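Here are a few notes to read alongside the model, for anyone opening it for the first time. Have the 3D view ready and follow the points in order.

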Amino acid sequence: MAPGTQRRRRLFALTGAIALSLTTLGAAPASAAPGMPGVDEVRQSGNIQHLANIPKQAPFDNVDALGTDIAFTADHAIVGNYNGFTIYDIKQPSKPKIVSQVLCPGSQNDVSVSGDLLFLSTDSSRSDNSCASTSQPATNQNSWEGIKIFDISDLTSPKYVAAVETKCGSHTHTLVPGKNGKDVYLYVSSYSPRPEFPDCQPPHDLISVVKVPVRNPAAAAVVNEPVVFGPEGGNPGIPGTFPNHYVTATSGCHDITAYPDKDLAAGACMGDGVLFDISDREHPRIIEQVQDDTNFAFWHSATFNNDGTKVVFTDELGGGGQPACTAAIGAVRGADAIYDITGRGDDRSLRFASYFKIPREQAATENCVAHNGSLIPVKGRDIMVQAWYQGGISVWDFTDSAHPKELAYWERGPLSTEQLIVGGSWSAYYYNGHIYSSDIQKGLDVFALHDPRTASAKSVRMDELNVQTQGRYRG
């Protein structure tokens with residue numbers, strides 16, 4: 001991706017990808033620093049079991065075809081990829097099988113599902129909205145970015161239904177069911193405007209609300225573009241580059257997690273963390289805004305606890321393509337931040353409680369930072385599993401907001417000890433008794449967690465899961 005032709009997505013899209021090498025991926029294990037696993041060697045806690053791995057398959061089997069987010073429907077996992085998406089049969093978690101693959105290039109291709117509909121985020125400038133599109137500069141008025149919609153009633157043969165263009169594309173999107181049962185809404189997050197981009201003009205302090213009539217998805221359209229931060233704008237930022245301290249200026253949101261039953265959403269918006277009231281689905285409005293200019297570089301994603309009384313925000317220091325789990329970076333940068341929600345209604349506030357970061361140092365050739373995770377449905381406890389790129393996956397408890405603790409972990413050693421190759425777990429989610437991880441280079445991994453503290457979660461069953469659309473579980 002050449003600077004000036006497509007806007008900056010993640011730091012690794014411009015820098016980390018330079019180090020990608022098929023030759024290195026196929027190299028024999030090299031020596032690692034003392035106490036660290038070597039190339040592809042595994043270290044783990046005793047209470048987690050790796051059940052299965054399905055490597056990426058052609059045409060998604062090259063280093064530029066990054067595996068991304070996961071959505072679940074019935075006995076299937078749908079995994080996004082910069083080249084499209086793959087549908088897996090996970091009826092037998094220890095023996096997952098590929099059902100179908102759809103070639104449809106356009107980063108990041110984050111996915112969500114609702115019934116027979118699948119939604120795909122396109123956040124790179126394309127020649128048109130088809131799956132046969134090619135890369136085209138964002139300076140071109142005719143370029144396209146946004147949401148694609150597929151009919152997946154036949155999981156073996158998904159059908160492209162429609163597309164909706166959104167300003168600055170769709171880096172991520174959040175599915176929010178309408179209150180009438182007839183529509184679903186997509187809150188589209190995008191950022192990094194530039195004056196020379198006709199469809200992505202500064203200041204871009206907005207999100208795009210897409211309304212999708214379930215029975216007529218071809219009629220999907222943008223129905224609102226609410227400005228999130230008002231006339232004062234978001235965080236102006238603090239200049240700097242990794243590994244030095246910096247704060248990204250806010251120009252939109254990176255990710256939003258909705259809790260529809262509570263009419264609440266949490267936005268991770270570059271330099272700001274926010275709470276939204278979403279009681280009016282088409283008109284989300286901000287009720288709280290916080291900043292952390294001391295330790296947070298880039299507010300990336302959010303997870304509510306089951307009671308909706310806490311939010312875990314992640315800091316994607318280094319954009320996901322840098323080694324942010326080293327001794328030099330420390331334990332509070334590139335970490336999670338736990339916030340308690342206090343008050344009621346429009347008087348709700350976010351009160352900082354503590355940070356959490358995996359306690360294992362990673363190599364200088366491993367991109368590692370807090371990334372996507374989900375709650376594990378343990379009644380009366382706040383426990384989640386989380387991806388840390390090449391830091392692996394971590395299961396941790398934040399029931400005591402001020403004193404979070406890790407319960408389990410699993411990780412592979414670096415892809416290389418000679419150069420940084422972007423890889424590791426992009427998303428690690430708990431679904432119907434197992435943990436599923438989308439590894440950027442290695443494909444789909446499946447894990448079993450054997451721990452009495454999480455055993456009750458196995459009784460909680462779901463028919464569908466979009467992690468950024470949280471539902472209440474009762475255990």
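1. A quick term to begin with: buried means under 20% relative accessible area, exposed means over 50%, and partly exposed is in between (1.4 Å probe, protein chains only).

2. Some ground rules. This is a predicted model, with residues numbered from 1 along each chain as its sequence is written, local features needing pLDDT of at least 70 and side-chain atom pairs counting only at pLDDT 80 or more. Totals for chains, interfaces and linings use all residues, while side-chain values use heavy atoms, with hydrogens and water left out.

3. Now the salt bridges, where a side-chain nitrogen of Lys or Arg lies within 4 Å of a carboxyl oxygen of Asp or Glu. The structure holds 19 of them. Take D439 again: its side chain meets that of R412 in a salt bridge (3.4 Å, N to O). D439 sits in strand β28 and R412 in strand β26, 27 residues apart, so the pair links distant parts of the chain. R412 is buried too, with a relative accessible area of 15%. (Strands here are DSSP runs of E, at least two residues, and helices are runs of H or I, at least four residues; both are numbered from the N terminus.)

4. Which residue forms a salt bridge with R43? It is E411, and the closest N and O atoms are 2.5 Å apart. E411 belongs to strand β26 (residues 405-412) and R43 to strand β1, 368 residues apart. E411 is buried at 1% relative accessible area, and R43 counts as buried at 18%. Both also belong to a salt-bridge network that links R43, R360, E406 and E411.

5. K442 and D40 make another salt bridge, their closest N and O atoms being 3.1 Å apart. K442 lies in the loop between β28 (434-439) and β29 (443-449), and D40 in the loop between α2 (22-25) and β1 (42-44), so the pair ties together parts that are 402 residues apart in sequence. D40 counts as partly exposed, at 36% relative accessibility.

6. Last, a sheet. Four strands form an open, antiparallel sheet in the order β15-β16-β17-β18; two strands pair if DSSP finds at least two bridges between them. At the edges are β15 (255-259) and β18 (285-290), each pairing on one side only. β15 and β16 (residues 264-269) pair over five bridges, and A258 has A265 in β16 as its bridge partner.
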